[in-house]
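Welcome, and thanks for taking a look at this model with us. Here is a short tour of its surface and its open spaces.

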Amino acid sequence: ANEYHRLAASYIVNNFITSRNGSLSSTQPATQPIPPVNRLVLGAIENNTRHLNGHIKRLIYWPYHSDSL
C-alpha cells in the first residue's frame, strides 16, 4: 500500500520480457504462442474479475518490441 511500482513488458513472437521496479523479472522465451493483441485492458484482468485498487499514474505505449527494458 502507498508505494509506486514501475512495470514494463515487451513481446514479440516467442519472446516475452518483463521488468518490475528496474529489475528484469523474465527474459525467457514464451512457452506458448502469443496471440495477436487487439485490445488493452487497464485496471482489471480480461474477464473483469480482479480490479486494480489504486491509481495508474502514467502509461506509455510503444508499438514495437524492445530487448532492453
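Does leucine 40 count as buried or exposed? Leucine 40 counts as exposed because its relative accessibility is 61%, and exposed means over 50%. Bear in mind as you look around that this is a predicted model.

Leucine 40 sits in the segment after strand S3 (23-26). Together with Leu42, Leu52, Ile56 and Leu59, Leu40 makes a nonpolar surface patch of about 510 Å².

Asparagine 21 is not a glycine, yet its phi is positive, at about 50°. With a relative accessibility of 42%, asparagine 21 counts as partly exposed. The two residues can be set side by side:

| Residue | Relative accessibility | Class |
|---|---|---|
| Leucine 40 | 61% | exposed |
| Asparagine 21 | 42% | partly exposed |

Now for the open space. The largest pocket holds about 2,400 Å³, and 45 residues line it. Nearest its centre lie Leu7, Ala8, Ala9, Arg58 and Leu59. Strand S1 (7-12) and strand S2 (15-20) are the elements that give two or more residues to this lining. S1 supplies the largest share, five residues.

What is the make-up of the lining of the largest pocket in nonpolar, polar and charged residues? The lining has 24 nonpolar residues, 14 polar ones and seven charged ones.

Terms used:
Residues numbered from 1 in each chain as written. Predicted model: local features only at pLDDT ≥ 70, side-chain atom pairs only at ≥ 80, totals over all residues. Heavy atoms only, no water. 1 Å grid on protein atoms, 1.4 Å probe; cavity = no way out; pocket = protein on both sides within 12 Å on 5 of 7 lines; lining within 4 Å. Points joined across faces, edges and corners; volume = space filled by probe spheres on them. Helix = DSSP H or I, 4+ residues; strand = E, 2+ residues; numbered from the N terminus. Nonpolar A, V, L, I, M, F, W, Y, C, P; charged D, E, K, R; others polar. Patch = residues over 30% accessible without salt bridge, like charges linked within 9 Å, V, L, I, M, F, W, Y side chains within 5 Å. Areas by Shrake-Rupley, 256 points an atom, 1.4 Å probe, with all protein chains shown as cover. Salt bridge = Lys/Arg side-chain N within 4 Å of Asp/Glu carboxyl O. Buried < 20%, exposed > 50% of the residue type's maximum accessible area, 1.4 Å probe, protein only.
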